[in-house]
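Please look through the sequence and the structure shown here.

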Amino acid sequence: MPPKKKPVTASNAVTQSSSATTAIPTTINITPVAVTAVPTTAVQKKIQWCWAGDSGAGASQDILVEYDSKVNSEIESQYQMHLLKPKIIKYLKFKLDKERYIDFKKMVQSRYDDPNKMRTVERQEIIPGSALPPPSTNATTKRRRKIINSDDSDTDSENSDSSSDSDISDDSDDEDDEDYIARWFWAGDSGGGPSKGGGHQDIWVEYDDMNMRKKLEKAFSIGKKKLKVDNERFVDFQNMLQRRYDDESKRRNLKREDPLKVRPTKKLTKSQKISNATTALNAMAASHGTTTPTTTITSTSTAPVTRSSSKGQMIASNGNGATTTTTTTTTSSTTQKPTLTSTMSTISISSIIKCPNTWTDVDSMNYKEVDVKPHENEFQWMSKLFSQTISSNHKGMGTLSPIVFNDLKVTRVVRVQNPMLWVSYHARKQKILDDNNGSCPPIHSVITNIPGSPELDKKANELFLFHGLNVSSVAGIAKFGFDPRFCSLDGMFGAGLYFAENSSKSNQYCHGGACTCSGFQATSCKCKPSDEVCLLVCRVVMGDCLVENVFRGNGPGQFWNGRRTEPKKPNNINIYNSVIGESKPNYGPKAALQLREYIVYESSQVFVEYKVYFKRVK
């Protein structure tokens with residue numbers, strides 16, 4: 001496919017003749033020009049799709065070739081539909097011609113006759129005010145991953161994700177400080193392992209090779225599910241495990257520690273800002289099919305000019321009573337019909353996906369984490385949420401967590417902005433509302449409903465709830481969401497996703513530092529009071545909820561035994577959307593729980609909105 005030809009931009013040329021002693025002519029001839037209106041609104045970014053071409057001399061997929069403007073718009077339109085409606089298969093592939101198509105999931109251009117013959121495709125966002133990426137540069141060539149064969153090759157390139165990812169190249173700056181790279185660990189065995197009297201997966205071993213750390217972080221940041229470690233092992237990002245190729249059941253936990261530093265943004269000089277603005281305007285003009293007008297004026301009359309009625313004439317007075325009449329002819333530029341792509345670019349993504357109003361800089365559908373500063377309202381609300389929901393049963397005494405505390409002090413709050421999972425979550429919430437005629441029976445006495453929280457949909461019984469876990473599992477769940485397939489049937493209410501309204505209850509499941517435990521394992525927990533641990537604060541859509549006041553049991557033949565789905569309503573047709581295990585303080589002594597539990601069975605009813613790091617304080 002031929003590369004897109006960039007329109008030639010002509011520079012303004014104004015030719016003046018010195019006429020200090022020359023008489024003013026009676027007519028000024030002005031060359032017909034193409035007039036382009038200068039936009040008064042903010043310059044929007046441009047989306048450009050490219051495919052990997054060959055520069056020649058035996059090179060393969062080492063340059064980027066732009067699709068032409070019409071195809072580019074069509075690709076972007078379908079790509080947006082693919083993002084907003086991921087479950088509709090027909091949007092997964094875009095037909096280029098009779099021979100080729102684009103697979104959005106793999107981000108490749110493939111052939112119909114042989115899908116193994118692929119070329120990578122890239123989606124570039126050209127942001128006004130920044131330097132425009134050229135179609136092919138040394139940096140682009142360096143970033144090209146050599147994992148996909150060219151169209152002329154017959155070699156099978158449809159390898160597994162893990163083997164492909166081993167070739168992810170490092171495109172970060174050479175001057176990157178390693179403090180900016182997240183630290184990665186796997187669970188090792190102390191004392192030589194159980195066979196030698198040591199422990200099993202009881203210590204964290206860091207990936208100390210800087211290149212490996214960068215590969216792990218890059219693969220994780222772009223949403224890869226697997227990455228090859230060596231010929232025997234690979235990383236499963238979705239479940240945060242290191243597995244073996246020969247037996248995937250042999251696995252070790254994985255942990256990611258967030259980088260604590262943020263690279264400062266370099267300030268642009270005044271000249272750089274002017275240069276970037278000029279470049280952006282030229283790019284905008286090029287993307288709309290217009291050119292910079294060229295005007296030639298053959299006179300230097302300085303007389304004031306006034307416009308006459310409607311015939312395109314201007315009357316100029318020379319100050320001595322004489323006037324000159326100037327007839328102007330303008331040729332309108334070709335007007336390009338707005339495409340779906342240009343229309344969508346003027347609408348913010350946040351308004352399309354209806355994300356929370358606390359999200360910032362939502363300029364793409366990519367996963368993003370935002371550090372909430374201590375002086376911000378969100379941080380202060382979170383601190384109150386943790387302190388005010390500590391149960392009196394847990395203060396100042398040992399519980400399932402071996403560390404005695406009187407307060408849970410929030411140290412860091414990270415807001416998770418995950419548009420892809422948000423779209424699924426929002427769609428599920430809307431479906432629940434539709435099924436319940438726009439409003440669900442309210443849930444009373446929810447203690448997480450404290451002032452200052454981000455907006456919630458009360459009609460859908462949307463709540464902020466806690467989920468405790470080992471810090472090693474935080475990154476995978478925040479990025480990919482919960483997976484009910486890994487839930488245990490031994491749970492009190494079956495294999496569901498369990499949440500609490502008490503921070504101290506979820507704290508019993510939190511482990512950090514050198515501890516590799518998961519769940520409430522007080523006897524084997526190695527957490528220290530100084531360890532920083534993490535809780536997930538999630539939005540949960542409860543919808544029409546079954547409140548289990550008196551527990552009906554999970555033994556053989558009992559109501560909750562073997563359950564993986566929501567219970568049915570009395571009509572035996574419709575289902576409840578969630579379950580609440582009621583507590584003794586709310587119902588009385590017949591209730592089985594000291595503190596409430598909230599359970600859902602659909603992962604799309606949960607959205608991880610915050611990773612909250614805290615310490616147990618006496």
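On one side of helix H8, Asn377 and Gln388 are exposed, where exposed means over 50% relative accessible area, buried means under 20%, and partly exposed lies in between, as found with a 1.4 Å probe on protein chains only. This is a predicted model, in which local features need pLDDT of at least 70 and side-chain atom pairs count only at pLDDT 80 or more, while totals for chains, interfaces and linings use all residues. Residues are numbered from 1 along each chain as its sequence is written, and side-chain values use heavy atoms, with hydrogens and water left out.

Helices (H or I, at least four residues) and strands (E, at least two) are DSSP runs numbered from the N terminus. H8 covers residues 377–388, and its 12 residues reach 16 Å from the first C-alpha to the last, close to the 16 Å expected at 1.5 Å a residue, the expected span being 1.5 Å times one less than the number of residues. The buried residues of H8 are Glu378, Phe379, Trp381, Met382, Leu385 and Phe386. Seen down the axis of H8, these buried residues fall within an arc of 160 degrees, so they line one face of the helix; the arc is that of the directions from the helix axis to the C-beta atoms. An α-helix has 3.6 residues a turn, so residues three or four places apart point the same way.

What do the buried residues of H8 pack against? Their partners are the strands E18 (368–372), E19 (407–417), E20 (462–468), E22 (533–541) and E26 (606–617), together with helix H11 (503–507), with contact taken as heavy atoms within 4.5 Å. Trp381, which lies in H8, is buried with a relative accessible area of 2%. Leaving out residues up to four places away in sequence, Trp381 touches Ile450, Pro451, Gly452, Ser453, Pro454, Phe464 and Tyr610. Of these, Ile450 is 69 residues from Trp381 in sequence, yet the two are 8.3 Å apart in space, C-alpha to C-alpha.

Strand E26, one of the partners of H8, holds Glu609, which is buried with a relative accessible area of 0%. Apart from its neighbours within four places in sequence, Glu609 is in contact with Pro356, Thr358, Trp359, Val414, Arg415, Val416, Phe464, Val537, Cys538 and Arg539. Leu546, in strand E23 (residues 545–548), is also buried, with a relative accessible area of 12%. The contacts of Leu546, not counting residues up to four places away in sequence, are Arg552, Trp560, Pro567, Tyr576, Ser578, Val579 and Ile580; the C-alpha atoms of Leu546 and Ile580, 34 residues apart along the chain, are separated by 6.2 Å.

Met107, in the loop between strands E5 (100–103) and E6 (108–111), has a positive phi of about 55 degrees although it is not a glycine. Ser445, in the loop between helix H9 (419–435) and E20, likewise has a positive phi, of about 60 degrees, and is not a glycine. Most residues other than glycine have a negative phi.

Over the whole protein chain there are 12 helices and 26 strands, and of its 618 residues 42% count as buried. Among contacts between residues at least 6 apart in sequence, 67% join residues at least 24 apart.
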